[in-house]
Amino acid sequence: MAKQERAERTRLAILDAAAHEFDELGYEGARLERIVERTGATKGAVYFHFRSKLDIARALVDEKYTNWPVIVAEVTGTGLRGLAAAEELTQRVGRVFADDVRVRAAMKLTQTVLPPAPEDNPYARWTELVAVFVAQELEDRGLDGIDPREIAAVAVQAFFGAYMIGHELGRLDRLPGDVTRLWGIIGASLAVAPERPAAAR
């Protein structure tokens with residue numbers, strides 16, 4: 001068991017070291033030699049877990065996709081609904097972006113060397129998820145004739161845009177405020193949306 005635990009610690013150290021390298025320098029700028037140096041492990045130990053820089057990059061991307069279902073389950077388990085649930089979800093995702101270098105590196109990798117397959121659009125999946133919460137909000141407010149997917153698409157684009165801008169400018173600490181402003185504006189726009197008469201519904 002101790003040997004397995006050491007091996008897992010080494011593997012995680014490699015992923016952390018590589019994530020810092022990819023996050024700071026991108027895939028092309030990252031060097032396997034520096035990743036080895038960052039881990040403090042031997043080159044042989046690194047190659048035991050990963051055959052190449054690309055293998056490490058794939059592992060980081062695969063790990064990123066396992067994070068989101070956990071967060072979604074946590075938010076849905078809170079009992080929140082509507083825009084409150086949507087904001088809580090994006091705030092939690094934003095905290096992961098700000099705090100977890102492995103996730104940030106994976107985001108950068110999916111935008112460059114390891115893009116998702118055309119038929120596997122993660123932003124479309126996020127839009128469908130957020131649309132569920134927006135539909136709840138519309139129902140609670142008695143608003144008909146508004147497509148929740150349209151609002152969700154704008155929200156998802158704005159959220160990821162805010163993340164990418166914040167990351168590029170080194171201002172991820174402002175992301176929580178950006179998220180609060182995003183959902184505040186959407187909520188305010190719904191507050192002034194004309195309600196259709198009951199007979200017309």
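Does Gly145 count as buried, partly exposed or exposed, and what is its relative accessibility? At 72% relative accessibility, Gly145 counts as exposed, where exposed means over 50% relative accessible area, buried under 20% and partly exposed in between, with a 1.4 Å probe and protein chains only.

## Basis of the model

This is a predicted model, in which local features need pLDDT of at least 70 and side-chain atom pairs count only at pLDDT 80 or more, while totals for chains, interfaces and linings use all residues. Residues are numbered from 1 along each chain as its sequence is written, and side-chain values use heavy atoms, with hydrogens and water left out.

## Overall architecture

The protein contains nine helices and zero strands, and its elements run α-α-α-α-α-α-α-α-α from the N terminus on. Helices (H or I, at least four residues) and strands (E, at least two) are DSSP runs numbered from the N terminus. The C-alpha trace spans about 75 × 40 × 30 Å along its principal axes.

Of the 201 residues in the protein, 40% are buried. Among contacts (heavy atoms within 4.5 Å) with a separation of 6 or more, 70% are between residues 24 or more positions apart.

## Surface and charge

The accessible surface comes to about 11,000 Å², and carbon and sulfur atoms account for 55% of it. These areas come from the Shrake-Rupley method with a 1.4 Å probe; for residues, only the protein chains shown count as cover.

The protein carries 26 positive and 30 negative side chains, and the centres of the two sets lie 5 Å apart. Lys and Arg count as positive and Asp and Glu as negative, whereas His and the chain ends are not counted. The place of a charge is taken as NZ of Lys, CZ of Arg, CG of Asp or CD of Glu.

## Nonpolar cores

A nonpolar core is a set of buried Ala, Val, Leu, Ile, Met, Phe, Trp, Tyr and Cys residues joined through side-chain atoms within 4.5 Å. The largest has 34 residues, and those with the most contacts inside it are Trp68, Val93, Phe97, Trp183 and Ile186. Two or more residues of this core come from each of α4 (53-76), α5 (82-99), α6 (101-110), α7 (122-141), α8 (148-169) and α9 (175-191).

Not counting residues up to four places away in sequence, Val93 touches Trp68, Ile71, Trp126 and Phe159. A second, separate core of 23 residues includes Val46, Ile56, Ala59 and Leu114.

## Aromatic pairs

The structure holds nine aromatic pairs. Rings of Phe, Tyr and Trp (its six-membered ring) pair if their centres lie within 6.5 Å; planes under 30 degrees apart count as stacked, over 60 as edge-to-face and the rest as tilted. Phe22 and Tyr27 form a stacked pair, 5.7 Å centre to centre with 20° between the planes. Phe22 is buried, with a relative accessible area of 1%, and Tyr27 counts as buried at 14% relative accessibility.

The pair of Tyr123 and Phe160 is edge-to-face because the ring centres are 4.9 Å apart and the planes stand at 85°. This pair links distant parts of the chain, with Tyr123 in helix α7 and Phe160 in helix α8, 37 residues apart. Tyr123 counts as partly exposed at 32% relative accessibility, whereas Phe160 is buried at 7% relative accessible area. Trp68, Phe97, Tyr123, Trp126, Phe159, Phe160 and Tyr163 form one aromatic cluster.

## The loop between α7 and α8

Gly145 is found in the loop between α7 and α8. Gly145 and Val96 are 49 residues apart in sequence and 35 Å apart in space, C-alpha to C-alpha.

Asp144 also has its place in the loop between α7 and α8. At 32% relative accessibility, Asp144 counts as partly exposed.
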